[in-house]
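Please look through the structure shown here, and then follow the paragraphs below, which lead from one local feature to the helices and domains around it.

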Amino acid sequence: MDWTDQGIVLSARAHGENSAIAVLLTREHGRHAGLARGARSPRKSGVLQPGNLVAAQWRARIAEHLGQYLVEPLHSHAGLWLDDPLRLAALSAACAVAEAALPEREPHPAVFDGLRAWLDGLPGPFWAEAYVGWELGLLGELGFGLELDRCAVSGSNDFLAYVSPRTGRAVSQAAGEPFHDRLLPLPGFLIGQGGGGPAEIIDGLALTGHFLERHAFAGAPLPAARLRLAERLATIRAAPPPPIP
Amino acid sequence: MSGIEIERLTQLLAKLPGLGPRSARRAALHLLKRRDSLLVPLAEALTEVQQKVTNCTICGNLDSCQPCAICADPSRDGSVICIVEEVADLWAMERARAFRGRYHVLGGTLSALAGVGPDDLNLAGLVERARAEEVTEVILALNATVDGQATAHVVADRLAHAGVAISRLAQGVPLGGELDYLDDGTLAAALRARRPA
């Protein structure tokens, strides 16, 4: 068995002195693990950092084996954001969520393309809104897409303000007002209304986090890196802050 | 075939970093061949280390005295604390002889894979130490990895109200590094951290 593909590093677990079990999100082969020999040597240890884009060659005698990776760096996303707490937290969260949510060896090119586009867009101003959008897309790709285009009660697409935590369908301001404490706020930027900002991003993370926990993680808590991202954003919201850089 | 004692010794040696079952067997045989000059002194040294060496209650360093020699050294600059991930990093800093302040060993980094959260790190005493009157600067000397820097940001958050300057090690072109072989992240970090020549 032998294939080559592009992959985004999700994690690398130490194996022996110099090697690592690398988990990549590849475009054509999905979330796929493999042994990367010598990957933790001083010259190569920077390659298998979460978020980095690599060219990967995977080899194994039979398909069921763990197999071995040969990886070449294509673009170091991780190195660019080491000194940016928010973006680094988001990068860690995205990799942790992808690793925990995606089934192994099942191709999801849309998730790969979305994550790659999000990583490429990290220097831009709307990376946090785009992150929420990527998680929403991930839910859809896994078969748990939310219906945010019209109100579940009235069928109208005006003044959508909430999402039902049970059905994942949008609810309008008028229909949802009596139950607002039991509904999840729907951030405007997810339906093309409103420009985002810390408060809406936190609402967006709460929305996708709820459904990731419920469906993708079957009730298990979100990965610690994802929780830290939400905490970090909440801290910004609590302080009087400039917009997210 | 070897007896159960030798087998046990081999199995234990094989758990050491850099040793597999084959090299562990060779090491065991080597020890048995040099019983008086190596095996007995090694056993005594291990016993002594096991009995005497503990983590320093102040910084987390390993030493046979409490507090450790670095914390107890009055010639050290008590106004600067350098935060490192492991004792091995502290030893690396000491080898470089470039730092004369004191240390704080975290005992790891945040890791989603290993399930290490902030509460699993040696953070409790750090804020207290940083608030001490003589401390003016804390240096974050953590690895330039995603986990290392994520940990550095969490530590910086915890120290935000401690009234100390927080700095971190520079990132960029290593000594002897050739630009052609550097990854783009390192190059970008080096460009961002450029300074007047």
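P67(B) is found in the loop of chain B between β2 (62–63) and α4 (69–72), where helices (H or I, at least four residues) and strands (E, at least two) are DSSP runs numbered from the N terminus. A cis peptide bond, with omega about 0°, joins Q66(B) to this P67(B). This is a predicted model, in which local features need pLDDT of at least 70 and side-chain atom pairs count only at pLDDT 80 or more, while totals for chains, interfaces and linings use all residues. Residues are numbered from 1 along each chain as its sequence is written, chains are lettered from A and ligands numbered from 1 in the order in which they are written, and side-chain values use heavy atoms, with hydrogens and water left out.

Most residues other than glycine have a negative phi, and most peptide bonds are trans. R97(B), in the loop between α5 (87–96) and β4 (101–105) of chain B, has a positive phi near 55°. R97(B) has a relative accessible area of 77% and is therefore exposed, a term for values over 50%, with buried for those under 20% and partly exposed in between (1.4 Å probe, protein chains only). In chain A, A218(A) has a positive phi near 50° and sits in the loop between α6 (198–216) and α7 (224–238); at 67% relative accessibility, A218(A) counts as exposed.

Chain B is divided into domain 1 (4–52) and domain 2 (77–168), with bounds that come from an automatic or database domain assignment, and 34 Å separate the centres of these two domains, taken over C-alpha atoms. Helices α2 (residues 21–33) and α3 (residues 35–52) of chain B have axes that come within 6 Å and cross at roughly 115°, the axes being lines fitted to C-alpha atoms over the stretch in contact and the angles running from 0 to 180 degrees between N-to-C directions. α2(B) and α3(B) are therefore roughly perpendicular, as angles of 65 to 115 degrees are called, whereas those under 35 count as roughly parallel, over 145 as roughly antiparallel and the rest as oblique. The contact, meaning heavy atoms within 4.5 Å, brings H30(B), L31(B), L32(B) and K33(B) of α2(B) to R35(B), L38(B), L39(B) and L42(B) of α3(B).

In chain A, helix α2 (residues 85–101) packs with helix α4 (residues 127–141) at an angle of about 5°, their axes 11 Å apart, which makes α2(A) roughly parallel to α4(A).
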